[in-house]
Amino acid sequence: LSIVQRIEKLNEDAAQIAADIKEIYKEALAQGYDPKYIKKCIALRKKDQDEIYEEDELMKMYREALGL
């Protein structure tokens, strides 16, 4: 396959994967889960513990500064 054809194939695959993921979020919503928080959990799982801890501490600092 040419480079262009390989890229086109990968773009088709990516579109199908995106559609599959969207369908899973719909299933989760139907089961009572909030996709917004599922996405946040997925993002957290990509980070290491130190990064999560640092973000949490910074958020606490900003909340305190804002009186929240």
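How many residues apart are Lys9 and Asp13 in helix H1 (residues 3–30)? Lys9 and Asp13 are four residues apart in that helix, about one helical turn, where helices are DSSP runs (H or I) of at least four residues, numbered from the N terminus. This is a predicted model, in which local features need pLDDT of at least 70 and side-chain atom pairs count only at pLDDT 80 or more, while totals for chains, interfaces and linings use all residues. Residues are numbered from 1 along each chain as its sequence is written, and side-chain values use heavy atoms, with hydrogens and water left out.

A search of the whole structure finds three salt bridges, each defined as a side-chain nitrogen of Lys or Arg within 4 Å of a carboxyl oxygen of Asp or Glu.

| Salt bridge | Closest N and O atoms |
|---|---|
| Lys9 with Asp13 | 2.7 Å |
| Glu55 with Lys47 | 2.8 Å |
| Lys60 with Glu57 | 3.3 Å |

Lys60 and Glu57 both lie in helix H3, three residues apart. Glu55 is partly exposed, with a relative accessible area of 35%, and Lys47 is also partly exposed, at 27%; here buried means under 20% relative accessible area, exposed over 50% and partly exposed in between, with a 1.4 Å probe and protein chains only.

Technical notes: Helix = DSSP H or I, 4+ residues; strand = E, 2+ residues; numbered from the N terminus.
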